[in-house]
Each structure stands twice: as C-alpha cells, then as structure tokens.
Amino acid sequence: MKSVPVWIWYTTIRVLLFAVPLAVLLIAGVTPWISALVAAVFGFSASLLFLRRPRESMSNEIYAARNREKPLAREDDEAEDAAIAAADEPAAPEQRAAE
C-alpha cells in the first residue's frame with residue numbers, strides 16, 4: 001500500500017486546524033469575521049507548534065525536487081529535440097534552387 005504524500009497530510013491537518021475552531025465559534029454564535037480571525041490565529045499558532053516535523057519533511061521534499069542532480073527525462077524528449085533541430089536547419093542548396 002502506498003503511503004499518503006506528506007503535503008496532502010500536512011494540508012489536511014492545516015485545514016482542519018482552521019475549520020474546526022471556525023465551526024465551533026460559528027455554532028457558539030460568535031460574529032463570523034471574529035470567528036474567522038480567531039480560527040486563523042489558532043490554526044497558524046497550532047501548526048507552528050505541532051506540525052514542525054511534517055513541515056520540515058515537506059520542505060525537504062520540495063528542495064530535493066527542485067535541485068535534482070539529473071533533470072527528469074521523458075521517453076520522447078530525444079525525438080522532440082530532433083524534430084525541433086530538423087525544423088530549425090536551413091533548407092539544403094538543392095531545395096533552395098528548386099524554389
């Protein structure tokens with residue numbers, strides 16, 4: 001079974017850290033904009049305090065993906081490069097004379 005990527009887990013927890021307090025405050029009858037503000041501050045604070053490891057893991061994955069030693073190569077890259085090179089080459093002298 002494949003594990004869930006860190007960024008999905010981290011994002012889900014961050015959304016829950018905002019949505020749950022927001023829902024509780026709205027059910028309690030607090031003004032919506034105050035509820036949103038308090039929920040945002042709570043979610044931000046809680047994620048800084050409790051989600052350090054997932055945040056560092058996610059940042060390491062992003063860094064590794066952006067700084068690969070070898071660029072990611074696809075199967076058809078060589079064929080595309082050859083087609084572009086062929087299109088950029090000037091016409092042969094025989095073809096120019098015929099035109």
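In what order do the elements of the protein run from the N terminus on? They run α-α-α-α-α. Keep in mind that this is a predicted model.

**Start with the whole chain.** Show it as a cartoon. Buried residues make up 12% of the 99 residues. Next, think about contacts between residues at least 6 apart in sequence: 56% of them join residues at least 24 apart.

**Select residues 6-27, then 32-50.** The crossing is right-handed.

**Show the side chains where the two helices meet.** On α1, pick out the contact residues, including Arg 14, Leu 17, Phe 18 and Pro 21. On α2, the contact residues include Pro 32, Val 38, Phe 42, Gly 43 and Phe 44. Colour the contact by class. It has 14 nonpolar, 3 polar and 1 charged residues.

**Zoom in on Ser 35.** This residue lies in helix α2 and belongs to the contact with α1. Is Ser 35 buried or exposed? Its relative accessible area is 0%, so Ser 35 counts as buried, a label for values under 20%.

**Now select the partners of Ser 35.** Leave out residues up to four places away in sequence. Ser 35 then touches Leu 22, Leu 25, Leu 26 and Val 30. Leu 22, Leu 25 and Leu 26 are also among the α1 residues that make the helix contact.

Key
Residues numbered from 1 in each chain as written. Predicted model: local features only at pLDDT ≥ 70, side-chain atom pairs only at ≥ 80, totals over all residues. Heavy atoms only, no water. Left-handed = near helix turned anticlockwise from the far one by under 90°. Helix = DSSP H or I, 4+ residues; strand = E, 2+ residues; numbered from the N terminus. Contact = heavy atoms within 4.5 Å. Nonpolar A, V, L, I, M, F, W, Y, C, P; charged D, E, K, R; others polar. Buried < 20%, exposed > 50% of the residue type's maximum accessible area, 1.4 Å probe, protein only.
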